[in-house]
Amino acid sequence: MPFDAIAVSAVVKELNEKLVGGRIEKIHQPEKDEIRLFVKADKKTFTLLISADSGNPRIHLTGHPKQNPSAAPMFCMLMRKHIGSGRIKTITQPDFERVVDIEIESRNELGDVISCHIYAEIMGRHSNIILTVGDKVIDSVKRVDLSVSTVRHILPGITYSLPPRQDKINSQTVKEDEIFETLLKCPPQPIEKAIVKTFSGTSPLFGREISFLATGEVSSMLEGASILAASKMLWKNLDKIQKGEFSPCIISDAETEKMIDFAAYNISLYGSLAKVGAFESISEAMDTFFLRRDLWE
């Protein structure tokens, strides 16, 4: 499942369009690693699902309800205390990484206006949902101490810091000529690997799609004429992402109709072996993908 930074970018764009300025009406925690925020915005109520499940971490709007436990977990109670009735001020994606920063304007027990943040870190088994007041961690669905990591800790009372940045070129700000110059310096290797190693937020699926669009093969090597072709195709697609132009879809097996993947961009590399279903929003695609996949399994 390529919930790469490109998919995160599509989600952030949608959430900005629908949730910014909205007020948080309810907060549920139906699973130990899943939070649902019910947000009233423009006379509509949206349900924002944030999951730190190690196998299926994600963040998107959902139209499918889930049973809420009779007794709210402690983390849910803390969220209700600090951001209940708060107003969503901004939703951003720091450094084009798989992190969503939701800033919420709320009030403390004295009635003073405070700035709270929910950080949704969508990073596989390292995924987490973290609540801060200012930059102070209040708590998280997964506490990370010395026994878990010697590099980065997430514990109540410490100062929150973003996950360490990868030494890659920012795909959200890179320019066309920079792409060609960078790929030209790469040693011969599959186009897919060169893209994933070099440009932030990209996934193997995205790399293979660029390779296929540029050369007609998913495993083409980055050498000779393919360097120029790959750089042009990569810029064409990154330019759309930088402009917020997405094409959410679900890819299904042509014979069994079992879903293979979803993406925030059109996928053509499977050819006649797969069906590609287009969706109006990334949330709709993801909500459909996870619901049908659970039913299939």
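How much space lies in the largest pocket? In this predicted model, the largest pocket holds about 490 Å³ of space.

**Close-up A. Residues around the centre of the largest pocket.** The lining of the largest pocket comprises 30 residues. Those nearest the pocket centre are Phe3, Asp4, Ala5, Arg98 and Thr202. Sorted by class, the lining contains 15 nonpolar, 7 polar and 8 charged residues.

**Close-up B. Helix H5 at the largest pocket.** Helix H5 spans residues 204–215 and gives the most to the lining of the largest pocket, contributing 3 residues.

**Close-up C. The second largest pocket.** A volume of about 380 Å³ is found for the second largest pocket. It is lined by 17 residues, and His126, Val144, Val148, Ser149 and Arg152 are the closest to its centre. The lining of the second largest pocket divides into 7 nonpolar, 4 polar and 6 charged residues.

**Close-up D. Crossing of helices H5 and H6.** The axis of H5 comes within 9 Å of the axis of helix H6 (residues 225–242), and the two axes cross at roughly 125°. H5 is therefore oblique to H6. The crossing of H5 past H6 is right-handed.

**Close-up E. Residues in the contact of H5 with H6.** On the H5 side, the contact involves Phe206, Ile210, Leu213, Ala214 and Thr215. Their partners in H6 are Ser226, Ala229, Ala230, Met233, Leu234, Asn237, Leu238 and Ile241. The residues of this contact comprise 10 nonpolar and 3 polar residues, with no charged residue among them.

Notes: Residues numbered from 1 in each chain as written. Predicted model: local features only at pLDDT ≥ 70, side-chain atom pairs only at ≥ 80, totals over all residues. Heavy atoms only, no water. 1 Å grid on protein atoms, 1.4 Å probe; cavity = no way out; pocket = protein on both sides within 12 Å on 5 of 7 lines; lining within 4 Å. Points joined across faces, edges and corners; volume = space filled by probe spheres on them. Helix = DSSP H or I, 4+ residues; strand = E, 2+ residues; numbered from the N terminus. Nonpolar A, V, L, I, M, F, W, Y, C, P; charged D, E, K, R; others polar. Axes fitted to C-alpha atoms, helices over the stretch in contact; angles between N-to-C directions. Parallel < 35°, antiparallel > 145°, perpendicular 65-115°, else oblique. Left-handed = near helix turned anticlockwise from the far one by under 90°. Contact = heavy atoms within 4.5 Å.
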